Amino acid sequence: MKLQHDFASFIFLLLSILCVTDGCHEGRAALLNFKSSLADHSNRWSSWQGQNCCSRFGIRCSDLLHAIAVNLRNPNPDSFILNINSQLVSTSDSKTSTAVQGTISPSLFSLHHLRYLDLSFKDFMFSKLPTGFSNLTRLTYLSLENAMFSDSITTQFANLTSLRWLDLSCSLKIVDESSISYNLTSSLRVTGGLLSSYIYFGHISSSNLDWLWGLRNLRELRLSGVDPSKASQSSKWAEPLSILSDLRLLHLSNCGVFGMVPVNQSQLHLHSPRMDFNSLASAIPKELANLTALSVLDLSSANLHGSIPFLPQLQELYVGNNLDIAINLSSMFAVPWTHLERLDIQSTQVIGSIPASFTNTTSLVQFTARNCGIQGSVLSSMANLSELEILQLDFNYITGHLSQLFQNLNSLQLVSLMENSLDGPIPDSICKISSLSMSSFGFQFSHRKIS
């Protein structure tokens, strides 16, 4: 009996040591110090009480009671629009910011077992990126998205060799109504540009991308708003990206990047590169056709020129607001784009009309071609697009009779045809499209002839 009692005492002592020294005690102290450096205006951390740190909001522990995941992402980040008067207006339900505010306590970086850390949409008050991140060498997931840092990336993340997912974005895409204008002096005239832009949440720069050399296991890299403009002045600025052979997703939106679109033939898994809102001043590389996994390509507002190469693997293509891109839709759709679901070519130079072959793109869900000079009738080109949900053809020279346009478009959710030369009354058949969102349905033809 005594042996059993001694053994039980030993086990209890061992579990106590594990719980106090390795997990609950050290983890609790580190997390409480981290919490004490932040102001939680939304009281989301009210559960951070008691001895068991593993039961707290946003904390997950291993079987040995080590904190392995800290997920404190703001679930309701502040949202904004830029209104018609170029004023930034909050659209959040809350009248005050929901972001936790303060600075990161160094105690956080004593949690050496962390594999997952998400501090997105916090307000770290334009503080520096802590060098302590380099201690968290077991991290596979790190998100500091729009967390209000102000710093340059040097070596803070260079030795996080286990990372699979990294988000250092510091800008957010919002609805921008400032390009819409109305002229009420004679006949109503509406004009509009690209209805989106970015706002910054902090300022992060990177004079080069050499810190990526050690992050060979990355699968998703999000750097929207990060400023590598100095680095991109070199023709080899994107070379460190070439070693990321497992990369699936790359976001370099609104980065001020100059030069060519980076294409590396070794990135066979890359499916979603986004480089919108840059100053690339180049053509869309034909070599992208060799990236067989490519499904989404966003090069909107990137100062591109030339034409659109045939990229048969694409499901989504966004090249809007590139005024020097010339698009001959007859040539483009002379070959089948069998996987294409979303196409945005607004504010480009479309030559001629939408061809009848366009109707073979039967998987199309969204077609946005505002303000790009389309001429002629679109009736025959829309005949088989039964999956189409979003149709935006404002500010063009489209002709034809409205009653025929909607005969087969039974999946429409949003349609906008302002400022064209269409004839006839709005057909009753539109009322039979049950999916149509009437709040988004804007038939405004101003001075165009409508009988």
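These legends describe close-up views of cysteines and a pocket in a predicted model. Residues are numbered from 1 along each chain as its sequence is written, and side-chain values use heavy atoms, without hydrogens or water. Local features need pLDDT of at least 70, side-chain atom pairs count only at pLDDT 80 or more, and totals for chains, interfaces and linings use all residues.

**View 1. Cys-54 and Cys-61 form a disulfide.** A disulfide is a pair of cysteine sulfur atoms within 2.5 Å. Here the two sulfurs lie 2.1 Å apart. The angle about the S-S bond is -95°, and the link is left-handed. Both cysteines are buried (under 20% relative accessible area; exposed is over 50%, partly exposed in between; 1.4 Å probe, protein chains only). A search of the whole structure finds 1 disulfide.

**View 2. Cys-53 has its closest cysteine sulfur in Cys-54.** The gap is 4.2 Å, too far for a bond. Cys-53 is buried, with a relative accessible area of 1%.

**View 3. Cys-170 is in no disulfide.** The nearest cysteine sulfur belongs to Cys-255, 7.8 Å away. Cys-170 is buried, at 1% relative accessible area.

**View 4. The second largest pocket is lined by 17 residues.** A pocket is an open set of points on a 1 Å grid over the protein atoms alone, with protein on both sides within 12 Å along at least five of seven lines; lining residues have an atom within 4 Å of a point. Ser-235, Ala-238, Glu-239, Pro-262 and Val-263 lie nearest the centre of this pocket. Its space is about 280 Å³, the volume filled by probe spheres set on the points.

Notes
On a 1 Å grid over the protein atoms alone, a cavity is a set of points where a 1.4 Å probe fits but cannot get out, and a pocket is an open set with protein on both sides within 12 Å along at least five of seven lines; lining residues have an atom within 4 Å of a point.
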